[in-house]
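My notes follow the structure.

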Amino acid sequence: NASRLLGKTVLVTGASAGIGAATALLFAKHLCHLKGGSNVILVARRAEAIKSVAEACASAFKESGLKQGGKFAAIQLDVSDKAQVASFWDKVPADLRNVDILVNNAGFVLGVEHVGDIKDEDIEAMFATNVLGLISVTQLLIKDFKARQSGHVINLGSIAGRETYPGGSIYTATKHAVHAFTATMMRELVNTPIRVTEIQPGMVETEFSIVRFRGDAQAAKKVYTGLEPLTAADIAEEIVWAAARPPHVNVAEVLVLPVNQA
Ligand code: NDP
């Protein structure tokens, strides 16, 4: 029941595009639908892009005709920059600092080279965002969750955290690390009200593939030949669904694939 999301504050990383943007919007729409009063903090590197997603959230909320609630803050943050993460709360309005749900979504894959041909800077960039960035943001929130004895961490893993494929050594290593980190944290928090979820999408058509092929839109599109990929909204629905379960239910892992992805 989505009414469990009423009054919650959600922090979504990587909210300027794709799954993160769809998730921010769906939290906003759910709350409108229920005549809400909740907030979403949208975080990414591209300030203009998060601002426009935050505006879309605000207008969805406004269109519902509600008089109360719905604060949507767009805050520029590179999760791979430890100094920016450390000073994050300085940028957050005081009334949005009690985050209830953290969606650790920021992540990417750069290139399809085999081991030996991968550039050091690409290896470092993927680990810095997908693993170390996710850990830094989690560390930032988890102490507060423990102090308040409430909270939900939802991490974006991947089918690439369960399987491997040629050309994906670094990306699959980062997503296997996300899986290990998430599963361990869940066990550490057992017997507390704090919940931990890993969402593991298969192929989702977003800017992800364009980033992977370094802007080559044709190569990016080719990946989806012969199958109908998931949409960002499909994954957003799983995230919001997991967040809306009753407090005694922890959705540990959700693997979501296109019907024709083996
Ligand atoms: P997109 O490329 O569409 O979006 C990625 C988001 O992450 C953008 O908002 C980007 O914003 C943000 N981001 C990247 N690096 C950073 C950073 N250092 N700090 C803050 N924000 C950052 O990809 P998806 O929506 O498809 O991917 C979202 C998540 O889902 C990722 O973790 C990805 O690994 C995972 N996933 C995706 C799949 C797919 O097929 N698309 C499959 C399985 C998992 P900005 O550039 O403005 O910083």
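Below is what I looked up, beginning with the model itself.

The model is predicted: I took local features at pLDDT of at least 70 and side-chain atom pairs at pLDDT 80 or more, while totals for chains, interfaces and linings use all residues. I number residues from 1 along each chain as its sequence is written.

**Overall.** I found nine helices and seven strands in the chain; these are DSSP runs numbered from the N terminus, with helices being H or I of at least four residues and strands E of at least two. I noted that 39% of the 262 residues are buried, meaning 20 or more other C-beta atoms, placed from the backbone, lie within 10 Å of the residue's own.

**Strand β2.** I looked at residues 39-44 and found six of six buried. Asn39, Ile41 and Val43 point one way, and Val40, Leu42 and Ala44 the other. I then checked the neighbours, where strands pair if DSSP finds at least two bridges between them. Strand β1 (residues 9-13) runs parallel to β2 with five bridges, and valine 10 is partnered with valine 40. Strand β3 (residues 71-76) is also parallel to β2, over six bridges; there, valine 43 has isoleucine 75 as its partner.

**Ligand.** I counted 32 residues around the ligand, the closest being Gly14, Gly18, Arg45, Arg46 and Gly107; a residue is included if its C-beta atom, placed from the backbone, lies within 6 Å. Helix α1 gives the largest share of this shell, three residues.

Conventions. A residue is buried if 20 or more other C-beta atoms lie within 10 Å of its own, exposed if 12 or fewer, and partly exposed in between; C-beta atoms are placed from the backbone.
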